[in-house]
Amino acid sequence: IASSRPQKINPKYVYGLALFPYVGWTVGTLIGATLGNFMPTFITSALGIALYAMLIAIVIPPAKRERGILFAVMLSTLISCAFYYIPYLNQISIGFATIISAVLTSLVIAYFFPIKEENEND
């Protein structure tokens, strides 16, 4: 929201803008942790899948519009699968594999799909 404003913004505006998501995240986590202890296992498992579905729903619309985003999704998936299935690579911890996948994908995408500045004369 703040980045879409064309004029210079006040730091208080950004603090106010960030306050509600932080409070919502904290309260939602508290409610989820509390209710998660009382819910049946099949519901908590379904909610875990819902989180992945939500993340996919966030990525798919921009990936349909821009080839670079689609390529980034496909490349990061391919690299992640390589870390899972290829011998020796599957010895690397999931945390480092995620970092390496993100960095490699970012480098490839930045090289092949650079974002052009608005004031460039191409």
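**View 1. Ser101 lies in helix 4.** Helices here are DSSP runs of H or I with at least four residues, numbered from the N terminus. The model is predicted, with local features requiring pLDDT of at least 70 and side-chain atom pairs counted only at pLDDT 80 or more, while totals for chains, interfaces and linings use all residues. Residues are numbered from 1 along each chain as its sequence is written, and side-chain values use heavy atoms, leaving out hydrogens and water. With a relative accessibility of 5%, Ser101 is classed as buried (buried is under 20% relative accessible area, exposed over 50% and partly exposed in between, with a 1.4 Å probe and protein chains only). Leaving aside residues up to four places away in sequence, Ser101 is in contact with Ile79, Ser80 and Phe83 (contact means heavy atoms within 4.5 Å).

**View 2. Helix 3 has a set of buried residues: Gly68, Ala72, Leu75, Ile79 and Phe83.** Viewed down the axis of helix 3, these buried residues fall within an arc of 75°, and they therefore line one face of the helix (the arc is that of the directions from the helix axis to the C-beta atoms). Helix 4 (94-112) is included in what covers the buried residues of helix 3. On the face of helix 3 turned away from the buried side are the exposed residues Arg67, Leu78, Tyr84 and Tyr85.

**View 3. The loop between helix 3 and helix 4 contains Ile92.** Ile92 has a relative accessible area of 30% and is partly exposed. Not counting residues up to four places away in sequence, Ile92 touches Phe83 and Ala97.

**View 4. Leu51, Tyr52, Met54, Leu55, Ile58, Val59 and Val73 form a nonpolar surface patch of about 650 Å².** Patch residues have over 30% relative accessible area and no salt bridge, and nonpolar side chains (Val, Leu, Ile, Met, Phe, Trp, Tyr) are joined within 5 Å, like charges within 9 Å (a salt bridge is a side-chain nitrogen of Lys or Arg within 4 Å of a carboxyl oxygen of Asp or Glu; areas follow the Shrake-Rupley method with a 1.4 Å probe, and for residues only the protein chains shown count as cover). Helix 2 (residues 41-65) gives the most to this nonpolar patch, contributing six residues. Ile58 is located in helix 2, and its relative accessible area of 53% makes Ile58 exposed.

**View 5. Ala18 is placed in helix 1 (residues 11-36).** Ala18 is partly exposed, at 27% relative accessibility. A separation of 30 Å lies between the C-alpha atoms of Ala18 and Ile94, which are 76 residues apart along the chain.

Key. Helices (H or I, at least four residues) and strands (E, at least two) are DSSP runs, numbered from the N terminus.
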